[in-house]
Amino acid sequence: MAETGVNPTAAALLGLLHEGPMTGGQLMAAAERRLAPYWSMTRSQVYRELPVLAEKGLVRLGKPGPRMSQPYAITAAGKRTFSRWLAENPGKDTIRNPVALRIAFGSLHSPNQLKNLYTTANEYHTEALAAAREQVKNAKKEGDNYDASALEFAVAYHRAALSWLKAAPVGG
């Protein structure tokens, strides 16, 4: 946990709440729209973190809306905590690639399994690359150079993954 006492998921929620009050579902949609190309967040993480942030006084609950959904708003303390989190050292990357893990055990795959693994991974990275490029274009059009820069990381990642997959061994 960071010096601020918030983990990256909680910090991401605080950052998103700078846009205005949102329900858990709206936060999940905003995270998917803005962060998913380079940062994963699950629904369970979002709903686990929100009560913790409220208990710490970093967000406050609004009035229940339709289907008992409750909007959360960032508090002044939440903004200060987020600002301190931004200034902290981000630490080291954690790489967890399920395809690379399976390729590490490639000699134990059948040739058909490897072919399917590569095909599926290529399709995923090709689609994700196109989507990330579109998001970069939209962010630039909206004048959000910081969002565009973060999304460029996703573009470079998917390009690198596709290049790596082309050179991956096919068995034998």
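Q: Which residues does A31 touch, not counting those up to four places away in sequence?
A: A31 touches L16, A36 and M41. Contact means heavy atoms within 4.5 Å. This is a predicted model, where local features need pLDDT of at least 70, side-chain atom pairs count only at pLDDT 80 or more, and totals for chains, interfaces and linings use all residues. Residues are numbered from 1 along each chain as its sequence is written, and side-chain values use heavy atoms, with hydrogens and water left out.

Q: Is A31 buried or exposed?
A: A31 counts as buried, because its relative accessibility is 3%. Buried means under 20% relative accessible area, exposed over 50%, partly exposed in between (1.4 Å probe, protein chains only).

Q: Where does A31 lie?
A: In helix α2, residues 24-34. Helices (H or I, at least four residues) and strands (E, at least two) are DSSP runs, numbered from the N terminus.

Q: How far apart are A31 and P90 in space?
A: 19 Å, C-alpha to C-alpha. In sequence they are 59 residues apart.

Q: New topic. What is the mean pLDDT of the protein?
A: It is 92, and 97% of residues reach 70 or more. pLDDT is the predictor's confidence in each residue, from 0 to 100.

Q: Where is confidence lowest?
A: In helix α5, residues 98-104, at a mean of 92. Strand β2, residues 72-74, is highest at 97.

Q: And L101, buried or exposed?
A: L101 is found in helix α5. L101 is exposed, because its relative accessible area is 51%.

Q: What does UniProt say about residues 95-168?
A: An unreviewed entry annotates them as "domain: Transcription regulator PadR C-terminal". UniProt positions are given in the numbering used here, feature names are shortened, and annotations may be inferred rather than shown by experiment. The span is 82% helix and 0% strand.
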